[in-house]
Structure formats: structure tokens, C-alpha cells
Amino acid sequence: MKRWKVTALLTLICILVGCDNSSKTTSSNSKNIKSDSSSHNNDVDVSQYSVINPVKKNLPIEIDDLTTLFDIFAEKNRINYQYRVKNTPTQALLLPSTLETIRNNLLSDYCRDTPEIKTLKNIFPNGANYHYYVDNEEVIIVELKLSDCQAKTK
């Protein structure tokens with residue numbers, strides 16, 4: 001599966017980034033709290049950029065015979081992947097069985113318990129969105145959150 005290649009690439013980037021996940025010390029002074037919060041947001045932005053930018057430089061990435069990753073971006077602390085699907089009618093992607101298979105495969109990758117995936121989830125705490133396009137029209141968005149992994153194990 002070439003999706004594993006993309007995951008492995010993101011994982012490698014996370015390792016190279018060496019994110020600092022240490023907690024910030026809060027002060028009783030509200031001015032200092034605001035400053036700490038701003039600093040934390042800047043750290044998150046830098047971490048997100050350091051994950052996304054190297055992948056962007058390698059786009060497009062062919063995932064398999066039908067799927068190509070053509071863009072990746074961060075928005076509201078979520079990582080967003082945009083895929084172009086070829087030689088597949090829109091109706092085939094919208095079949096409930098196809099949607100379930102896509103979601104289950106993505107969830108399986110997203111919920112893996114590896115240090116690299118944990119780092120990725122820390123950098124993007126609001127989850128991941130997977131956008132699928134056919135003929136330049138967005139057909140599917142699969143949204144995954146950390147809570148989806150918890151629900152999967154129950």
C-alpha cells in the first residue's frame with residue numbers, strides 16, 4: 001500500500017523535526033499566560049509547517065494506480081490531505097461499502113500506536129481530513145479525530 005509510504009514519509013519528517021512536547025509553565029499573571037499561549041501557538045505552527053512543507057515539495061505523490069496525493073495543508077490544527085482519484089466513477093466512490101472501506105483503512109492507519117503517529121497526532125491535535133476529488137470536484141471528505149481511535153478500541 002502506497003498510503004503506508006505517505007504515512008512513513010510523514011513519520012520520518014516527525015522524527016527529524018524532533019518536536020518539543022514539554023508542557024508550558026503557566027503564570028498567575030494573565031499577561032504572561034497570554035504570552036505563553038502565543039508562544040505555544042507559534043511552536044505548533046512551526047511544527048505543522050515542518051511536517052507539511054517537505055511533503056509539499058515532493059507532490060504529487062502517486063499512492064496507487066488510482067490515487068494521487070496532490071496537496072497537503074494544515075487548518076485549525078488538522079492535517080488535510082487532498083487526493084485525486086482517476087479511472088473511477090463518482091458513483092463508485094459514493095457506494096456505502098466503498099465509503100466504509102476507505103474510512104476503515106484510513107482509521108487503521110491513523111489509529112496505529114507508534115511513536116511517529118503519536119507525534120503526528122500531537123502536532124495536529126484536531127485530527128485529519130482526507131479529501132477525495134474526481135475530475136477536480138471534491139466527492140468525499142473523511143474526517144478523523146482522536147476520539148475515533150478510542151471508539152474503535154471499545
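**Close-up views around strand β4**

View 1. Strands β4 and β5 pair in the antiparallel sense over seven bridges; two strands pair if DSSP finds at least two bridges between them. The model is predicted: local features need pLDDT of at least 70 and side-chain atom pairs pLDDT 80 or more, while totals for chains, interfaces and linings use all residues. Residues are numbered from 1 along each chain as its sequence is written, and side-chain values use heavy atoms, with hydrogens and water left out. Strands (E, at least two residues) and helices (H or I, at least four) are DSSP runs numbered from the N terminus. Asn 129 stands opposite Glu 143 in β5. Two residues lie between the strands of the hairpin.

View 2. Asp 135 sits in the loop between β4 (128–134) and β5 (137–144). Its phi is positive, about 50°, although Asp 135 is not a glycine. Asn 136, in the loop between β4 and β5, also has a positive phi, near 60°. Asp 135 is exposed, with a relative accessible area of 72%, and Asn 136 is exposed at 66%. Exposed means over 50% relative accessible area, buried under 20%, and partly exposed in between (1.4 Å probe, protein chains only).

**View 3. Both faces of β4 and its pairing with β3.** Seven of the seven residues of β4 are buried. On one side these are Ala 128, Tyr 130, Tyr 132 and Val 134; on the other, Asn 129, His 131 and Tyr 133. Strand β3 (residues 78–85) pairs with β4 in the parallel sense over six bridges. Gln 82 stands opposite His 131 in β4.

View 4. The structure holds four aromatic pairs. Rings of Phe, Tyr and Trp (its six-membered ring) pair if their centres lie within 6.5 Å; planes under 30 degrees apart count as stacked, over 60 as edge-to-face and the rest as tilted. Tyr 81 and Tyr 130 are stacked, 5.0 Å centre to centre with 15° between the planes. Tyr 81 lies in β3 and Tyr 130 in β4, so the pair ties together parts 49 residues apart in sequence. Tyr 83 and Tyr 132 are stacked at 5.0 Å centre to centre, with 20° between the planes. Ring pairs link Tyr 81, Tyr 83, Tyr 130 and Tyr 132 into a cluster.

**View 5. The cis peptide bond at Pro 60.** Leu 59 and Pro 60 are joined by a cis peptide bond with omega of about -5°. Pro 60 is found in the loop between α2 (30–57) and β1 (61–62).
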